[in-house]
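My notes follow in the order I checked them.

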Amino acid sequence: MIAALSVLAVALGIKSCHDYNRSRQLLRVNAGLIRENKELKDRLQLSSRTTRQIADRKDMQLQMQATFVDRREYFRRNWKQYITLHTGDYKTGFLGGIKNLEITLRNQTEYPIDNAVVVVEYLRGNGAVFKSEPYTIHNIPEKGSRTIQASNSRKGTKVNIRLMSVTSQPMNFCWSVDKRALPGDEDPWACVPKAKPADTLQK
């Protein structure tokens, strides 16, 4: 009887130890699963934040690009308000003649101008043109100006200056006095016109 109880006690002890070890193993597995779930949740949250940041950055880039394009178009349409031509205080002789004539092109747009062609007309006292000379002004900075020296004239009492063309690749601006705006063209001075929508091209 005692032997049987001893065997039973040993068996119960073994079973209890086995159950204890199994419980500890299950607890370790559960803890591992909880940790993996937490890490997965953290990664998903990080991925979601990164995705939102990328989307926000793309939206901002598109907005900046749209603003950039709109500003260029605005200056093209209203260029006469921002690109102006001036002369300095030149000297005239007692019997006529022009000396120390300076020509200044002011560029108040936000984009540099590559070049501008200017014609200077030297006028007699009766307003007739004695001679005219073309000049090209290069590299006028944005929000800046460029001044060149015109040649002297042995005759003439005053001068008249005219812009003949202005080109700015950064502003996509190509204007000339000979270029005519087509009816209905709201942006006629663009060097490269806007691409038309695909549905418009198909019609």
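**Disulfide.** I searched the whole structure for disulfides and found one. I am working from a predicted model here. The pair is Cys174 and Cys191, with their sulfur atoms 1.9 Å apart. I looked up the angle about the S-S bond next: 95°, which goes with a right-handed link between Cys174 and Cys191. Where do the two cysteines lie? Cys174 is in strand E9, and Cys191 is in the loop between E9 and helix H2 (198–202), so the bond ties together parts that are 17 residues apart in sequence. Cys174 is partly exposed, at a relative accessible area of 21%. Cys191 is also partly exposed, at 23%. For my own reference: a disulfide is a covalent bond between the sulfur atoms of two cysteines.

**Whole chain.** I counted elements. The protein chain has two helices and nine strands. Along the sequence the pattern reads α-β-β-β-β-β-β-β-β-β-α. Of the 203 residues, 24% are buried. I noted the accessible surface too: about 14600 Å², with 55% of that belonging to carbon and sulfur atoms. Contacts came next. Among those with a separation of 6 or more, 61% join residues 24 or more positions apart.

**Four-stranded sheet.** I traced the sheet that contains E9. It is open, has four strands in the order E6-E5-E8-E9, and pairs antiparallel. Which strands stand at the edges? Strand E6 (129–140) and strand E9 (173–176) do; each has a single partner strand, so one side of each has no neighbour in the sheet. The twist averages 25° from one strand to the next. I looked at one pairing in detail. Strand E5 (residues 113–123) and strand E8 (residues 158–168) run antiparallel over nine bridges. Leu123 stands opposite Lys158 in E8.

**Three-stranded sheet.** I traced another open sheet, with the order E1-E4-E7 and antiparallel pairing. E1 and strand E7 (144–149) are the edge strands, each pairing on one side only. Here the twist averages 20° from one strand to the next. E4 and E7 pair antiparallel over six bridges. One bridge I looked up joins Asn107 to Gly144 in E7.

**Glu102.** I picked this residue in strand E4 (residues 102–107). Is Glu102 buried or partly exposed? Its relative accessible area is 37%, so I logged Glu102 as partly exposed. Leaving out residues up to four places away in sequence, Glu102 touches His86, Thr87, Gly88, Thr147, Ile148 and Gln149. I also took the C-alpha to C-alpha distance from Glu102 to Asp89: 7.7 Å, for residues 13 apart in sequence.

**Nonpolar core.** I finished with the largest nonpolar core. How many residues does it have? It has 28, and Ile83, Ile103 and Leu163 have the most contacts inside it. Strand E1 (83–87), E4, E5, E6, E8 and E9 each give two or more residues to this core. E5 gives the largest share, five residues. I listed the contacts of Ile103, again setting aside neighbours within four places in sequence. Among them are Leu85, Val118, Val120, Tyr135, Ile137 and Ile148. His86, Arg146, Thr147 and Ala150 are also on the Ile103 list.

Note on methods
Residues numbered from 1 in each chain as written. Predicted model: local features only at pLDDT ≥ 70, side-chain atom pairs only at ≥ 80, totals over all residues. Heavy atoms only, no water. Buried < 20%, exposed > 50% of the residue type's maximum accessible area, 1.4 Å probe, protein only. Contact = heavy atoms within 4.5 Å. Pairing = 2+ DSSP bridges. Axes fitted to C-alpha atoms, helices over the stretch in contact; angles between N-to-C directions. Core = buried A, V, L, I, M, F, W, Y, C linked by side-chain atoms within 4.5 Å. Areas by Shrake-Rupley, 256 points an atom, 1.4 Å probe, with all protein chains shown as cover. Disulfide = S-S within 2.5 Å.
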